[in-house]
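Here is my note on the model you sent. Please read the points with the structure open.

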Amino acid sequence: MDEKQKNQINIELTDEIAGGTYSNLAIITHSPTEFIIDFVSLMPGAPKAKVKSRIVMTPQHAKRLYKALAENLGKYESNFGPIKEVTTELPPFTMGPKAQA
């Protein structure tokens, strides 16, 4: 077995995951040991939005993701032109119900 095959990872993509999950908002929080990214689907005019997926990763993996996103955004813009940034002001939001004693 050559070195390339030895270090190869077989990644499985199930049909359920392959369809993807739509998100138009990401909320990022962190601690000294973890980055937490909550992907949210926020619909216009809706008073409530749900977290559709939560990803927890180490700071090292978060930095690798950051670099991979930057590289791929650069490739995208090289092929399709600059991405226009749209700034929209979001209303204040909270995560979950507030606890009361």
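**Notes on the fold and its side-chain pairs**

1. Start at the sheet. Phenylalanine 35 stands opposite methionine 57 in β3. Strands β2 and β3 run antiparallel and are joined by 7 bridges. Two strands count as paired if DSSP finds at least two bridges between them. Strands of a sheet pair through backbone hydrogen bonds, either parallel or antiparallel.

2. A word on the source. This is a predicted model, in which local features need pLDDT of at least 70 and side-chain atom pairs count only at pLDDT 80 or more, while totals for chains, interfaces and linings use all residues. Residues are numbered from 1 along each chain as its sequence is written, and side-chain values use heavy atoms, with hydrogens and water left out.

3. The overall layout. The protein has 3 helices and 3 strands. Along the sequence the pattern is α-α-β-β-β-α. Helices (H or I, at least four residues) and strands (E, at least two) are DSSP runs, numbered from the N terminus.

4. The sheet as a whole. Its 3 strands form an open, antiparallel sheet in the order β1-β2-β3. The edge strands are β1 (25-30) and β3, and each pairs on one side only. From one strand to the next, the twist averages 20°. Helix α3 packs on the sheet and touches β2 and β3; its direction makes about 110° with that of β3. For such angles, axes are lines fitted to C-alpha atoms, for helices over the stretch in contact, and the angles run from 0 to 180 degrees between N-to-C directions.

5. Of the 101 residues, 10% are buried. Buried means under 20% relative accessible area, exposed means over 50%, and partly exposed lies in between (1.4 Å probe, protein chains only). The protein exposes about 9,700 Å², with carbon and sulfur atoms supplying 56% of that area. Areas come from the Shrake-Rupley method with a 1.4 Å probe; for residues, only the protein chains shown count as cover. Among contacts with a separation of 6 or more, 24% are between residues 24 or more positions apart. A contact means heavy atoms within 4.5 Å.

6. Look at serine 41. This residue is found in strand β2 (residues 35-41). Is serine 41 buried or exposed? Serine 41 is buried, at 13% relative accessible area. Leaving out residues up to four places away in sequence, serine 41 touches Tyr22, Asn24, Ala49, Lys50 and Lys52.

7. Salt bridges. The whole structure holds 2. A salt bridge puts a side-chain nitrogen of Lys or Arg within 4 Å of a carboxyl oxygen of Asp or Glu. Arginine 54 bridges to aspartate 38, with the closest N and O atoms 2.5 Å apart. This pair links distant parts of the chain: arginine 54 in β3 (residues 50-57) and aspartate 38 in β2, 16 residues apart. Arginine 54 is exposed at 52%, whereas aspartate 38 is buried at 3%. Glutamate 71 bridges to lysine 75 at 3.1 Å between the closest N and O atoms. Those two lie 4 residues apart in helix α3, so about one helical turn separates them.

8. One aromatic pair. The search finds 1. Tyrosine 76 and phenylalanine 80 form a tilted pair, 4.8 Å centre to centre with 45° between the planes. Rings of Phe, Tyr and Trp (its six-membered ring) pair if their centres lie within 6.5 Å; planes under 30 degrees apart count as stacked, over 60 as edge-to-face and the rest as tilted. Tyrosine 76 is partly exposed at 42%, and phenylalanine 80 is exposed at 60%.
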